[in-house]
Amino acid sequence: MDTTQILILILGLLAIAALGVGLVARHRRSTTQELPWEKREELTGGEELVPDEPASSEVQPAETPAEIAPEEAAPVDAAPSVLERPEPVVSRMERLRGRLASGGKLGKALLSILSRGDLSEADWEELEETLLMADVGLEATTELMDKLRTEIKVRGTSDPAEVRQILREELIKLVDPSMDRTLNVEPGIGDDGQAHPATILMVGVNGAGKTTTVGKLARLLVAEDKTVLLGAADTFRAAAADQLATWGERVGVEVVRSDREGADPASVAFDTVKVGREKGVDVVIVDTAGRLQNKAGLMDELGKIKRVMERSAPIREVLLVLDATTGQNGMRQAEVFAEVAGITGIVLTKLDGTAKGGIVISVQRALGVPVKFVGLGEGADDFAPFDPEGFVDSLLA
């Protein structure tokens, strides 16, 4: 056998050996692919195996627990949150009376003077000044002072308890229990013969707590088993619609809003009333942007919102939200809003802990419309119908 034949024989043996190694390796790969991940890793010593062709979806190896947890592989929707049940009106009023009694600075100031017994002229002047500082108003203060002096003289008394009783009687007359403070929320029938919800328009200046008041009023109506729909017609403040939606979600009340910031508020208000009719809700409440009373353009816009809403249903209530701490400033605001929007009622916020409680008297006298609701705190249910006698008794508690 010559050298050439020997080389050919060696090359042939090498080729056969290489083919055998390849067949073994291929068999090894196909076998380990069918094994669980842990056995494959044990047999291969951690070597990554790449199959000759992509495996079908049915035979792909399961992912390790470290890569995907069982609960993540099959997510389950969270259970819906439980709706809040707002506090009943009766317990609200009892609690708020106590809060007003403990924090009302006006009543404390008046009783401090009257407890002195036989009042001197200086005491009477101090009493008058206290009433004026509390925003009772000049006309009402003068009337109250005259009646107090006359009654005390007629009864011939200087007993602090009896003087307090006289003050209570006269204050109740000034607050005027005869005014109708009910909220008109009875559904009606339109000109087309179809039922429509009672529609409420909320107005006020910036910072009075208007959007919060809308949310609190919705809660109170839900507590009275009314169905409510809210309209976010404050399209200038980005967070207003979100804030209103949060209030609504807590008690299961829907909100109609625009997807576009700066949208026409009258259009949103119109859509809200329309949706309210379609859904057959009892009450529709439309929130509007806060506006200064001296901005003619904004006030004209408010008039437009009201006119547009009335095309679908008559507006039963236009409630003006006033910050009780603003005093006489709030009086001027109230007068302008009354001219533009036709106020039917007033909501006084932040009445607790203020010495400005006399605004209840002065604003009613100026506008000829009643205070219908008061807010006495930051809690979701710190909001209740206004009770004239309860208000006065709380002041003088």
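Arg250 is partly exposed, at a relative accessible area of 30% (buried means under 20%, exposed over 50%, and partly exposed in between, with a 1.4 Å probe and protein chains only). Before going on, note that this is a predicted model, where local features need pLDDT of at least 70, side-chain atom pairs count only at pLDDT 80 or more, and totals for chains, interfaces and linings use all residues. Residues are numbered from 1 along each chain as its sequence is written, and side-chain values use heavy atoms, with hydrogens and water left out.

So what does Arg250 pair with through its side chain? Its partner is Glu84, in a salt bridge at 3.1 Å, N to O (a salt bridge is a side-chain nitrogen of Lys or Arg within 4 Å of a carboxyl oxygen of Asp or Glu). Arg250 sits in helix H10 (residues 238–251) and Glu84 in the loop between helix H3 (70–73) and helix H4 (89–103), so this pair ties together parts that are 166 residues apart in sequence. Helices (H or I, at least four residues) and strands (E, at least two) are DSSP runs, numbered from the N terminus. Glu84 is partly exposed too, at 33% relative accessibility.

Next, look at Arg168 and Asp393, whose closest N and O atoms are 2.5 Å apart in another salt bridge. This one links distant parts of the chain, with Arg168 in helix H8 and Asp393 in helix H15 (residues 388–395), 225 residues apart. Arg168 counts as buried at 18% relative accessibility, while Asp393 is partly exposed at 31%.

Then there's a salt bridge between the side chains of Lys372 and Glu317, at 2.9 Å, N to O. Lys372 lies in strand E9 (residues 371–375) and Glu317 in strand E7 (residues 315–323), so the pair ties together parts 55 residues apart in sequence. Are these two partners buried or exposed? Lys372 is buried, with a relative accessible area of 5%, and Glu317 is buried as well, at 2%. Back at Glu84 and Arg250, salt bridges that share partners join these two with Arg92, Arg219 and Asp381 into one network. The salt-bridge count comes to 26.

Now for the nonpolar side. The largest nonpolar core has 100 residues, and Ile200, Leu217, Ile285, Leu348, Val363 and Phe391 touch the most other members (such a core is a set of buried Ala, Val, Leu, Ile, Met, Phe, Trp, Tyr and Cys residues joined through side-chain atoms within 4.5 Å). Helix H8 (residues 160–175) gives this core its largest share, seven residues. At least three core residues come from each of domain 1 (89–175) and domain 2 (188–387), with bounds taken from an automatic or database domain assignment. Zoom in on Ile285: leaving out residues up to four places away in sequence, its contacts include Ile200, Met202, Val214 and Leu217, where contact means heavy atoms within 4.5 Å.

Finally, have a look at two loop residues. Asp135, in the loop between helix H6 (121–133) and helix H7 (138–155), has a phi near 65°, a positive value in a residue other than glycine. Asp135 is buried, with a relative accessible area of 5%. Lys350, in the loop between strand E8 (345–349) and helix H14 (359–367), also has a positive phi, near 60°. Lys350 is partly exposed, at 39% relative accessible area.
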